[in-house]
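I opened a new structure today and wanted a first picture of it. These are my notes, in the order I looked things up.

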Amino acid sequence: MALAFLMLAPLPVLADGGEDDGTGGASPMLDILDPRLLNSTYTHRIPIIDGVMDPNEWVNAEGTQALHSEMPPAWEESGAHIAGPGIQNDSDASHRFWSMYDDDYLYFAFNCSDDVIVVDNYPAAFWRDDGIEVLIDGAFDMDVDQRNESGFEDGDTFSIPADGSEGIAYSNSGGSQYARYWGPNKDWFSAVNTGSVNNQSYYIVEMAIRLNTISNPTPASTIGLNTGQNDDDDGNTSKEGVIRWQGIDGYEVWKNETLWGQLYFTSAVTADAGFAKVVNQTDSHTFDGTGSWSNHPEFDLDGTYEW
């Protein structure tokens with residue numbers, strides 16, 4: 001997904017029922033069991049975590065989305081903790097996001113549409129307010145319950161309030177020995193900017209997570225990933241809905257890693273033949289590859305490179 005498709009523009013408004021003409025209803029469960037996949041692109045340029053999506057920083061990042069109008073594979077969560085009436089359309093609550101990584105951090109950028117931004121339960125009940133959550137299974141061990149010590153050892157759920165307040169990791173709120181702390185130069189950090197276009201509000205989120213706090217995933221490896229956008233329109237002590245990148249309603253997707261999607265760390269390669277040479281594709285030439293580079297674990301500079 002091209003970055004320019006989203007920059008600082010809210011998601012389109014759908015009329016009630018625009019995502020379903022009323023003849024179908026929810027898709028069968030099997031339609032959403034296959035995990036969604038997002039590639040995280042290696043970057044040499046560290047993005048500034050300031051809530052401003054600079055195209056020069058995110059231009060090579062791959063993106064995906066969780067739209068109310070595209071369920072499934074996106075999914076709306078329900079349960080006793082949600083008062084209703086649920087998410088009404090894409091402008092009510094939906095998000096698009098991108099991912100990159102470098103040698104030390106995993107980065108995400110989000111553009112979240114939300115027609116009424118409310119943060120009034122923070123920090124005591126932060127999960128009831130508008131905001132975005134990023135769910136990480138760093139070891140890709142697919143725990144059925146992340147909300148315990150074995151789950152928090154390699155992963156976490158990182159919650160970022162829509163008003164830019166300090167983020168809270170669920171491991172920290174629960175007093176885990178693996179608690180991850182928010183702030184510059186700590187375990188993770190985030191920044192938020194809000195705005196509106198044509199009277200439709202949105203908030204931009206950028207975040208960075210230290211790789212060594214989520215089991216040090218390496219290039220060409222996969223981790224578990226999900227997102228959750230909380231929607232609180234009326235300012236009460238409950239929220240109206242949650243839209244997730246992937247899930248199955250009624251199966252505790254908020255903690256069940258087996259129901260999440262996947263994030264793949266793509267490897268990077270810089271090929272350098274050592275000198276310029278004009279060749280024909282039908283000819284065979286051997287080049288010195290010692291000027292080349294890659295972060296792939298099986299990359300070997302001691303070989304030669306042939307057309």
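The entries below go from the whole chain to single residues.

**Ground rules.** I am working on a predicted model, where local features need pLDDT of at least 70, side-chain atom pairs count only at pLDDT 80 or more, and totals for chains, interfaces and linings use all residues. Residues are numbered from 1 along each chain as its sequence is written, and side-chain values use heavy atoms, with hydrogens and water left out.

**Whole chain.** I started with the secondary structure. The chain has 3 helices and 17 strands. Both are DSSP runs numbered from the N terminus: helices are H or I with at least four residues, strands are E with at least two. Next I checked burial. Of the 307 residues in the chain, 50% are buried. Buried means under 20% relative accessible area, exposed means over 50%, and partly exposed is in between (1.4 Å probe, protein chains only). I then looked at contacts, meaning heavy atoms within 4.5 Å. Among contacts with a separation of 6 or more, 68% are between residues 24 or more positions apart.

**Core.** I asked which residues touch the most other members of the largest nonpolar core. They are Leu106, Phe108, Phe110, Ile136, Met207 and Leu225, out of 44 residues. A nonpolar core here is a set of buried Ala, Val, Leu, Ile, Met, Phe, Trp, Tyr and Cys residues joined through side-chain atoms within 4.5 Å. A second, separate core has 5 residues, including Leu135, Ile248, Val253 and Trp260. I followed methionine 207 further. Not counting residues up to four places away in sequence, its contacts include Ile49, Leu106, Phe108, Phe110, Val134 and Trp188.

**Threonine 227.** I found threonine 227 in strand β11, residues 222-231. Threonine 227 counts as buried because its relative accessibility is 0%. Its side chain makes a polar contact with the side chain of histidine 95 at 2.8 Å. A polar contact is a pair of N or O atoms within 3.5 Å; within protein, one must be able to donate a hydrogen and the other to accept it, and residues adjacent in sequence count only if both atoms are side-chain atoms. A polar atom of the threonine 227 side chain also lies 3.4 Å from the backbone nitrogen of tryptophan 245. Leaving aside neighbours within four places in sequence, threonine 227 is in contact with residues including Phe97, Phe110, Glu133 and Leu135.

**Threonine 43.** Is threonine 43 buried or exposed? Threonine 43 is buried, because its relative accessible area is 10%. Its side chain reaches the backbone oxygen of arginine 45 at 3.0 Å. Not counting residues up to four places away in sequence, threonine 43 touches Met100, Tyr101, Asp102 and Tyr107.

**Strand β2.** I looked at strand β2, residues 62-66, and saw that 4 of its 5 residues are buried. Strand β2 runs antiparallel to strand β4 (residues 94-101), and 5 bridges join them. Two strands pair if DSSP finds at least two bridges between them. Glutamine 65 stands opposite arginine 96 in β4.

**Aromatic rings.** Rings of Phe, Tyr and Trp (its six-membered ring) pair if their centres lie within 6.5 Å; planes under 30 degrees apart count as stacked, over 60 as edge-to-face and the rest as tilted. I get 10 aromatic pairs by this rule. Phenylalanine 126 and tryptophan 127 are edge-to-face, 5.2 Å centre to centre with 80° between the planes. Phenylalanine 126 and tyrosine 170 also form an edge-to-face pair, with 5.2 Å between centres and 75° between planes. Phenylalanine 126 is in the loop between β5 (105-113) and β6 (131-137) and tyrosine 170 is in helix α3 (residues 170-173), so this pair ties together parts 44 residues apart in sequence. Both phenylalanine 126 and tyrosine 170 are buried. Elsewhere I noted a cluster of Phe97, Phe108, Phe110 and Trp245, linked by ring pairs.

Most residues other than glycine have a negative phi, and most peptide bonds are trans. I listed the exceptions. Methionine 71 and proline 72 are joined by a cis peptide bond, with omega about -20°. Tyrosine 122 and proline 123 are joined by a cis peptide bond as well, with omega about -5°. Asparagine 198 has a positive phi, near 55°. Asparagine 198 lies in the loop between β9 (188-197) and β10 (200-210), and counts as exposed because its relative accessibility is 69%.
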